[in-house]
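The briefing after it is meant to be read with the structure in view.

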Amino acid sequence: MPRIGKTDLVSLEAILGEMIAAAETNRVGDVRQWDLTFHRRLCEMSNNRQTLRAYDGIETEISMLIACVDLEQESLMDSALIHVPIVDALRLGDVDAAVLTMERHIASTWADVRDIYKKVSLAHPDGAAPLPTTRPPARTSTPTLKQRELVE
């Protein structure tokens, strides 16, 4: 993965370390902020302005997802540690594993959000909280060139 150098990995590992430290001391706001910083740093590491611009466009939504899921579905430590496989795959230079771990991370978060909606829908049978009907498609093929931009 020629685009991701040692300095990039060190910065991503430092962000992850801060996220884990915040989780250890139960600093909810800090865990959420470091989580957003982690995702932003991944986009910056792509060296692709369009990727970073796309992230900037959805950062508020990601922030809301993190706020919803962290305390509803998993401990703060679980929320932090779910990022470790991403860093591990990047460190190994394994493009397929990096893409797969990122996809699993996104799919897991989406599943947690769907579970929250289900709970709310059951608690409000009048339909006040409709269940989302779409979800990201599962990847069954190898990563495309665009998907590989981040890790190559």
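Predicted model: local features only at pLDDT ≥ 70, side-chain atom pairs only at ≥ 80, totals over all residues.

Of the 152 residues in the chain, 33% are buried. Among the contacts in the chain with a separation of 6 or more, 68% are between residues 24 or more positions apart.

**Overall order**

- Read from the N terminus, the elements follow one another as α-α-α-α-α-α-α.

**The nonpolar cores**

- The largest nonpolar core holds 21 residues, and within it L12, F38, L42 and L90 are the ones that touch the most other members.
- Two or more residues of this core come from each of α1 (6-24), α2 (28-45), α4 (76-81), α5 (84-92) and α6 (95-123).
- Of these elements, α1 makes the greatest contribution to the core, giving 8 residues.
- Another core, made up of 5 residues, lies apart from the largest one, and its members include L36, C43, Y55 and I62.

**Helix α2**

- Helix α2 consists of 18 residues and spans 26 Å from its first C-alpha to its last, which is close to the 26 Å expected at 1.5 Å a residue.
- The buried residues of α2 are V31, D35, L36, F38, H39, R41, L42, C43 and M45, and two of these, F38 and L42, are also among the residues that touch the most other members of the largest nonpolar core.
- In general, an α-helix has 3.6 residues a turn, so residues three or four places apart point the same way.

**How α2 packs with α5**

- In general, two packed helices are described by the angle between their axes and the distance between the axes.
- For α2 and α5, the axes come within 12 Å of each other and cross at roughly 25 degrees.
- Because angles under 35 degrees count as roughly parallel, this crossing makes α2 roughly parallel to α5.
- The crossing of these two helices, α2 and α5, is left-handed.
- On the α2 side the residues that meet the partner are F38, L42 and M45, while on the α5 side they are I86, V87 and L90.

**How α1 packs with α5**

- The axes of α1 and α5 come within 11 Å, and they cross at roughly 165 degrees.
- Angles over 145 degrees count as roughly antiparallel, and α1 and α5 are therefore roughly antiparallel to each other.
- Where α1 passes α5, the crossing is left-handed.
- The contact involves L9, L12, E13, L16 and I20 from α1, together with V84, V87, L90 and R91 from α5.

**Two loop residues with positive phi**

- N26, which is a residue other than glycine, has a positive phi near 55 degrees, and its place is in the loop between α1 and α2.
- With a relative accessible area of 56%, N26 is exposed.
- N47 also has a positive phi near 55 degrees and is a residue other than glycine; this residue comes just after α2, in the loop between α2 and α3 (49-73).
- With a relative accessible area of 60%, N47 is exposed, because a residue counts as exposed when that value is over 50%.

Note on methods
Residues numbered from 1 in each chain as written. Heavy atoms only, no water. Core = buried A, V, L, I, M, F, W, Y, C linked by side-chain atoms within 4.5 Å. Buried < 20%, exposed > 50% of the residue type's maximum accessible area, 1.4 Å probe, protein only. Helix = DSSP H or I, 4+ residues; strand = E, 2+ residues; numbered from the N terminus. Expected span 1.5 Å × (residues − 1). Axes fitted to C-alpha atoms, helices over the stretch in contact; angles between N-to-C directions. Parallel < 35°, antiparallel > 145°, perpendicular 65-115°, else oblique. Left-handed = near helix turned anticlockwise from the far one by under 90°. Contact = heavy atoms within 4.5 Å.
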